[in-house]
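Subject: Handing over the structure

Dear colleague,

I am passing on to you the structure we spoke about, and below it you will find what turned up when we went through it. Please keep it open while you read, so that you can look up each place as it is named.

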Amino acid sequence: MLIREATADDWPGIWPFWHRIVAAGETYAWDPGTSEEEARVLWLNPAKRVYVVEDDSGAVVASAYLTPNYGGPAARIANAGFMVDPGRGGRGYGRALAGHLLTEARAAGYRGMVFNAVVETNPAVHLWASLGFTILGTVPDAFEHPRHGPVGLHIMYRAL
């Protein structure tokens, strides 16, 4: 597995799983009908440092971004978004990518990382907790899950 900074040429490898995950409407608070162009702008925004994971064949199987969560005097708190191709889950790509981003965030001078809207039914909640993130609070019934109905959104934090 190789983790590296993404380039614009990686988008065709990211888009299929990005679209599948967001269109499912279960884990991201983005419009499930987001177009490919809108998605590319959201994910590959120049304000973000974007990374990809390649499997042993060179295929892009996961991606994540790192960006300041706030601005001005609070700009040393990072935010990140992670996506692993659902067909490639359970192989350690997400955990490896998370470890990489935590290291990159520390090196960039961030003092902490916050996730603003982690759907409480998202299996990644367990991954984040195992990596030292805590739930600061939950906004009840804030997310309309297609299978579970209204569920909460966790705000999770970890000091770096």
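E54 counts as buried, since its relative accessibility is 15% and the cut-off for buried is under 20%. Please bear in mind that this is a predicted model. The side chain of E54 meets that of R4 in a salt bridge, with 2.8 Å from N to O. This pair links distant parts of the chain, because R4 belongs to strand β1 (residues 2-5) and E54 to strand β2 (residues 49-54), 50 residues apart. R4, at 23% relative accessibility, counts as partly exposed, whereas E54 is buried. Salt bridges that share partners also bring in D10, so that R4, D10 and E54 form one network.

Which residue forms a salt bridge with E5? The partner is R49, and the closest N and O atoms of the two are 3.9 Å apart. Since R49 lies in strand β2 and E5 in strand β1, this pair ties together parts of the chain that are 44 residues apart in sequence. Both ends are partly exposed, R49 with a relative accessibility of 30% and E5 with a relative accessible area of 47%.

A further salt bridge joins R147 and E26, whose closest N and O atoms are 2.8 Å apart. R147 sits in the loop between β6 (134-145) and β7 (149-159), and E26 in the loop between α1 (11-24) and α2 (36-43), so this pair ties together parts that are 121 residues apart in sequence. Here R147 is exposed, at 58% relative accessibility, while E26 is partly exposed, at 24%. The count of salt bridges in the model comes to seven, and the pairs described here are among them.

The other thing to look at is the largest pocket, which has a volume of about 790 Å³. Its lining is made up of 31 residues, and Y28, F82, N122, A124 and W128 are the ones that lie nearest its centre. The elements that give two or more residues to this lining are β4 (77-84), α3 (93-107), β5 (112-119) and α4 (124-130), and the largest share, six residues, comes from β4. What kinds of residue make up the lining of the largest pocket? They divide into 18 nonpolar, nine polar and four charged residues.

With best wishes

Note on methods: Residues are numbered from 1 along each chain as its sequence is written. This is a predicted model: local features need pLDDT of at least 70, side-chain atom pairs count only at pLDDT 80 or more; totals for chains, interfaces and linings use all residues. Side-chain values use heavy atoms; hydrogens and water are left out. A salt bridge is a side-chain nitrogen of Lys or Arg within 4 Å of a carboxyl oxygen of Asp or Glu. Helices (H or I, at least four residues) and strands (E, at least two) are DSSP runs, numbered from the N terminus. Buried means under 20% relative accessible area, exposed over 50%, partly exposed in between (1.4 Å probe, protein chains only). On a 1 Å grid over the protein atoms alone, a cavity is a set of points where a 1.4 Å probe fits but cannot get out, and a pocket is an open set with protein on both sides within 12 Å along at least five of seven lines; lining residues have an atom within 4 Å of a point. Grid points are joined across faces, edges and corners, and a volume is the space filled by probe spheres set on the points. Ala, Val, Leu, Ile, Met, Phe, Trp, Tyr, Cys and Pro count as nonpolar, Asp, Glu, Lys and Arg as charged, and the others, Gly among them, as polar.
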